[in-house]
Amino acid sequence: MLKQDELKEVVDIAIELSTTKDESRLLQKILLTAIRIADCDAGTLYLENNGNLEFKIMETLSLNIRHGMESSIDLPPIPVSDDVTNACGYSAYTRELINIHNVDSRETPEWSGHEKYDKLIGYDTKSMLVVPMITFDDELVGVLQLINAFDANGNPTDFSNDDEYIARTLGALAAVSIINMRYTREMKLQMKSFVDAFAKAIDERTPYNGSHTKKVTKYCKMIAKHMNRLYETGECDDYFDENRMDQLIMAASLHDIGKMVVPLTIMNKATRLEEHLNDIEKRFELLKAYYEIDYLKGIILEPEYKEKTRYLDRQLEFIKQINTMDYVDDASIEIIKDISKKGYTTRSGELIMYLTEYETECLEIRKGTLTNRERCQMENHVVLTGMILDKVHFNSKYNNVEKIAMGHHEYLDGSGYPYGLKAEQLMLESRILAVADIYDALTSTDRPYKKPISQEKAFKIIEDMAEKGKLEIRLVRYLKEAVYEAE
């Protein structure tokens, strides 16, 4: 009959097993508890792997041997089979408990498998209790083996019915706990593989975004880890535990998933005009031909013909310059407006404007390569990110991922997009993501519309943004410290 304190110990370990996340410590706890309650000298815990039982935890009190936590176990695995000479392999195979009172009695079956292991460690096995660790659906997890039971006076004895009960109970608890751990681990790996696959798809969609997601994720992790170091020294109040870090990294990996549905003509727009420059060149050649025909037919005189062709040549060169300029000033925009008002009417009455409405709009872009409409489409990727992530079932451990990702273009002063959120509406993780995203945008070497700038200049820019109330200054400082420390 189990004692009250023994029952309590079983209940306590059941509670502990339901909360622990460390499989090795869980196994050690199971084995040590079984050895203590069964009052035996030794025990071994095996886990099944591809048809074999692998030594995981081994404890021998009389020899002061403990393997599996402080040191590895260099012993060959045991096959799961119907070989009756090995109690552990046979118990795993049959899914049955085996209680051997005296291994030297040579009873049938002849349990002799322990002999080679005894020789390896210099031990003398007498009694043995072997319990398969199986789940409710008969999945084999491993085997719990207890060796050499003692009576109340410390003399060798047999394992009792109570010992069998304890071993069965602990084995069942261990099996369920281990399987739950593995399922949780597999779910995390599955979620991570899903996130990695989408992040890869985002970056591979265009050569101009080839490493953005990966680098933004890296910078977010650097900031969070730096904050953890400062937390440990009392210099920061925020701490990223495993789950909080996982959510930040997942959000960083998915923050641009909405770009999957942004047209590549916008994503890859390296100049203001792109292929439309070729259209303008052909149109200007056509216009010069029309003016030459008019001159040859006497419709216009030579000075006018030469002036018009010279004008077209000059403005084409000007347009080519504007196409790749970093910034277009007021004077240049006035010239573009003047060109866009000019046109030629053919003999059939067709009006050919020097520039189309879209070409004019592109050339009038002050900075960057996108028109207002195109920029809106690009900025809408945040909304699209939210729509896509809203269709993903994130469990309670990851329920902030969508919210974090949605805030990566918002500013503390409410001037960001798409919702104009302010500081009190933004999670710390979104603020971190915003800093990381802007820093990579400034220093990236694969953006089609801008040249990369130095780290020093990039930090100066985002520090200025922080001083203007757009970014959180301490996060900028944390990234700067982490980047320079990593060099």
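**Entry: ground rules**

I number residues from 1 along each chain as its sequence is written, and I use heavy atoms for side-chain values, leaving out hydrogens and water. Because the model is predicted, I require pLDDT of at least 70 for local features and count side-chain atom pairs only at pLDDT 80 or more, while totals for chains, interfaces and linings use all residues.

**Entry: aromatic pairs**

I pair rings of Phe, Tyr and Trp (its six-membered ring) if their centres lie within 6.5 Å; planes under 30 degrees apart are stacked, over 60 edge-to-face, the rest tilted. The structure holds 11 such pairs. I looked up Phe194 with Phe198: the centres are 4.8 Å apart and the planes stand at 70°, so this pair is edge-to-face. Helices (H or I, at least four residues) and strands (E, at least two) are DSSP runs, numbered from the N terminus. Both Phe194 and Phe198 belong to helix H5 (residues 161-204), four residues apart, about one turn of the helix.

For accessibility I take buried as under 20% relative accessible area, exposed as over 50% and partly exposed as in between (1.4 Å probe, protein chains only). Phe194 has 25% and is therefore partly exposed; Phe198, at 29%, is also partly exposed.

I then looked up Tyr219 and Tyr439, which pair edge-to-face at 5.0 Å centre to centre with 80° between the planes. This pair links distant parts of the chain, as Tyr219 is in helix H6 (residues 212-232) and Tyr439 in helix H16 (residues 428-443), 220 residues apart. Both Tyr219 and Tyr439 are buried.

**Entry: charges over rings**

I count a charge as over a ring if NZ of Lys or CZ of Arg is within 6 Å of the ring centre and within 35 degrees of the ring normal. Arg244 has its charged end over the ring of Phe240, 4.4 Å from the centre. Lys342 does this with Tyr311, at 5.4 Å.

**Entry: helix H9**

I take the expected span of a helix as 1.5 Å times one less than its number of residues. For the 21 residues of H9 (residues 276-296) this gives 30 Å, and the end C-alpha atoms are 30 Å apart, which agrees. The buried residues of H9 are Leu277, Ile280, Arg283, Phe284, Leu287, Lys288, Tyr291 and Asp294. They cover an arc of only 145° around the axis, which puts them on the same side of H9; the arc is that of the directions from the helix axis to the C-beta atoms. The face turned away from the buried side of H9 carries exposed Lys282 and Leu296.

I take contact as heavy atoms within 4.5 Å. The buried residues of H9 pack against helix H10 (302-324), strand E9 (343-345), strand E10 (351-353) and helix H12 (357-363). Just after H9, Gly298 has a positive phi of about 80°.

**Entry: helix H4**

In H4 (residues 114-121) I find His114, Tyr117 and Asp118 buried. Seen down the axis, the buried residues of H4 fall within an arc of 105°, so they line one face of the helix. Exposed Lys116, Lys119 and Leu120 are on the face turned away from the buried side of H4. The buried residues of H4 pack against E2, strand E4 (78-79) and strand E6 (128-134).

**Entry: cysteines**

I count a disulfide as a pair of cysteine sulfur atoms within 2.5 Å, and the structure holds zero. Cys220 is in no disulfide, with the nearest cysteine sulfur, that of Cys236, 15 Å away. Cys220 is buried at 0% relative accessible area, and Cys236 is buried at 5%.

**Entry: backbone angles**

Most residues other than glycine have a negative phi, and most peptide bonds are trans. I noted that the peptide bond from Tyr417 to Pro418 is cis, with omega near 10°. Pro418 is in the loop between helix H15 (401-406) and H16.

Asn64 has a positive phi near 55°. Asn64 lies in the loop between strand E2 (52-60) and strand E3 (65-67) and is exposed at 72% relative accessible area. Asn148 also has a positive phi, near 60°. Asn148 is in strand E7 (residues 140-150) and is buried at 9% relative accessible area.
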